[in-house]
Amino acid sequence: MSIGHTLLGLLEKGPRHGYDLKRAYDERFGQDRPLHYGQVYTTLSRLLRNGLVEEAGVEAGDGPERKRYAITGAGVTDVEHWLGTPEKPEPYLQNTLYAKVVLALLSGRSADDVLDVQRAAHLAAMRELTKRKASGDLADQLICDHALFHLEADLRWLELTAARLGQLKTAVTR
Amino acid sequence: MNDGGFTRGPGPVDGPGPVKVLLEAVDLHKAFGPTPALDGAGLSVRAGEVVAVMGPSGSGKSTLLHCMAGILTPDKGTVRYRDVELSAMGDGQRSELRRTEFGFVFQFGQLVPELSCLENVALPLRLGSVKRKEAESRAREWLERLEVSDVADKRPGETSGGQGQRVAVARALVTGPRVVFADEPTGALDSLNGERVMQLLVTAAKETNAAVVLVTHEPRVAAYSDREVVVRDGRSREMEPVT
Ligand SMILES: Nc1ncnc2c1ncn2[C@@H]1O[C@H](COP(=O)(O)OP(=O)(O)OP(=O)(O)O)[C@@H](O)[C@H]1O
Ligand SMILES: [Mg+2]
């Protein structure tokens with residue numbers, strides 16, 4: 001997730017303090033990982049440097065938490081471009097998992113074990129998300145669903161690999 | 001290769017501590033013709049837990065479920081329900097057990113097409129000699145719980161797949177079973193409907209402390225379980241829940 005773009009997007013509603021921004025971010029998008037203050041301020045200073053935000057008044061006192069930030073015209077253009085560009089489909093875990101399965105086959109270990117253990121770990125994460133979904137509001141549900149579908153995709157790939165272990169073994173040990 | 005950690009799972013536990021095993025299958029063998037469908041599979045189920053049975057197609061999941069439910073008799077091995085061996089029961093006793101203690105949800109084709117949905121849900125109670133009025137009022141409550149009161153007077157053929165499956169869940173739960181056997185209960189549903197059916201099934205089972213043995217190949221459905229058992233080549237591996 002691009003924190004910079006997300007913060008910019010949040011600033012479109014009006015200028016905010018860094019602290020406010022963090023809270024708004026965490027509330028909406030921070031379910032998995034709330035932002036650290038450090039991240040907020042490094043990101044804001046980068047956006048400032050690039051002319052995407054500007055300072056909009058400083059309260060009495062010292063420190064970055066006294067400053068308010070406003071989005072600039074260039075910032076708005078940047079958000080627009082970001083929203084209009086699709087995210088790169090990530091290869092997630094396949095590389096690591098594939099390497100483990102192949103190495104297990106090559107070394108004569110049980111590739112089924114690799115798969116069972118990975119499935120267990122994936123299912124544990126999915127159970128957690130499923131529980132959270134049950135108690136959450138619609139926003140929570142949608143965020144959890146997204147994670148669930150991704151984990152499911154990994155698992156489906158694993159099951160398919162498991163069903164083809166014989167073939168794969170022949171191929172990799174040839 | 002050794003047997004890759006395939007074990008029978010934990011034995012029964014008495015007294016305080018973990019909940020006692022309710023239903024236990026040990027070292028089941030079953031063959032249809034020359035190739036074995038089950039080759040030493042086992043599974044222990046405790047009251048109130050939801051166990052997902054996973055594994056490739058043809059690995060023996062349904063056969064395991066049918067043996068545990070007393071629908072199939074294994075060639076070798078034992079199935080115990082509350083410490084009584086199913087094979088020691090007479091046929092009548094076994095069907096009585098299935099009707100009173102067990103509930104069943106399958107992928108499709110389980111509702112009687114000539115009866116209304118309400119009559120379908122009331123049927124297991126009627127077979128147990130519950131009076132019609134009483135049976136239908138309990139059936140109505142379950143239809144309501146499963147959010148399908150509106151199809152009560154329709155026949156199964158006049159409902160959507162999702163509605164039909166909810167009716168089937170209502171019918172499986174209406175007798176207050178201790179174990180619900182569900183074989184791909186969401187297999188014919190889209191993901192939103194499938195999830196809702198799972199939510200309703202698991203919630204109702206937890207509320208009544210019924211165990212659920214859930215065969216599924218869908219990870220998102222399996223995520224409603226407490227733990228999973230993997231069946232491969234007729235053998236089973238009970239996985240410890242990861243915390
Ligand atoms: N009634 C039957 N007659 C003959 N063979 C059978 C019968 N039932 C199952 N089998 C065979 O036993 C093996 C295990 O079948 P089972 O239905 O238990 O698999 P499964 O894991 O449930 O598969 P799926 O995921 O496709 O439903 C398969 O090879 C199957 O062809
Ligand atoms: Mg099956």
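The points below go through the ligand site and then the sheets of chain B and chain A.

Keep in mind that this is a predicted model. Ligand 1 has residues of chain B around it, including B:Phe32, B:Ala37 and B:Lys61. Chain B has an open sheet of 4 strands, and chain A has an open sheet of 3 strands.

**Around ligand 1**

- Start with the stretch B:Pro56, B:Ser57, B:Gly58, B:Ser59, B:Gly60, B:Lys61, B:Ser62 and B:Thr63, which is part of the shell around the ligand.
- By class, that shell holds 3 nonpolar, 6 polar and 1 charged residues.
- Helix α1 of chain B, covering residues 61-68, gives the most to the shell, with 3 residues.
- The side chain of B:Thr63 has an N or O atom 2.5 Å from an oxygen atom of ligand 1.
- For B:Lys61, a side-chain N or O atom sits 2.7 Å from a ligand oxygen atom.
- On its own, ligand 1 has 630 Å² of accessible area, and the protein covers 53% of that.

**The sheet in chain B**

- Read across, the strand order is β2-β1-β4-β5, with antiparallel pairing.
- β2 (35-46) and β5 (84-85) of chain B are at the edges with a single partner strand each, so one side of each has no neighbour in the sheet.
- Helix α1(B) packs on this sheet and touches β1 (21-32), β2 and β4 of chain B. The helix direction makes about 55 degrees with that of β2(B).
- β1(B) and β4(B) run antiparallel and are joined by 5 bridges. If you want a pair to look for, B:Ala25 stands opposite B:Val79 in β4(B).
- β4(B), residues 76-81, is joined to β5(B) by 2 bridges, again antiparallel.
- Which residues pair up there? B:Arg80 has B:Glu85 in β5(B) as its bridge partner, while B:Tyr81 has B:Val84.
- β4(B) and β5(B) form a hairpin with 2 residues between them. In the turn, B:Arg82 has a positive phi of about 45 degrees.

**The sheet in chain A**

- Here the order is β1-β3-β2, and the pairing is antiparallel.
- Which strands are at the edges? They are β1 (16-17) and β2 (53-58) of chain A, each pairing on one side only.
- β1(A) and β3(A), the latter spanning residues 67-71, run antiparallel with 2 bridges between them. Across this pairing, A:Arg16 stands opposite A:Tyr69 in β3(A).
- Helix α1 of chain A, residues 3-11, packs on the sheet and touches β1, β2 and β3 of chain A. Its direction makes about 90 degrees with that of β3(A).

**A bit of background**

- Strands of a sheet pair through backbone hydrogen bonds, in either a parallel or an antiparallel way.

Technical notes: Residues numbered from 1 in each chain as written. Chains lettered and ligands numbered in written order. Predicted model: local features only at pLDDT ≥ 70, side-chain atom pairs only at ≥ 80, totals over all residues. Heavy atoms only, no water. Near = heavy atom within 4 Å. Polar contact = N/O pair within 3.5 Å; in protein donor to acceptor, adjacent residues only side chain to side chain. Areas by Shrake-Rupley, 256 points an atom, 1.4 Å probe, with all protein chains shown as cover. Nonpolar A, V, L, I, M, F, W, Y, C, P; charged D, E, K, R; others polar. Pairing = 2+ DSSP bridges. Contact = heavy atoms within 4.5 Å. Axes fitted to C-alpha atoms, helices over the stretch in contact; angles between N-to-C directions.
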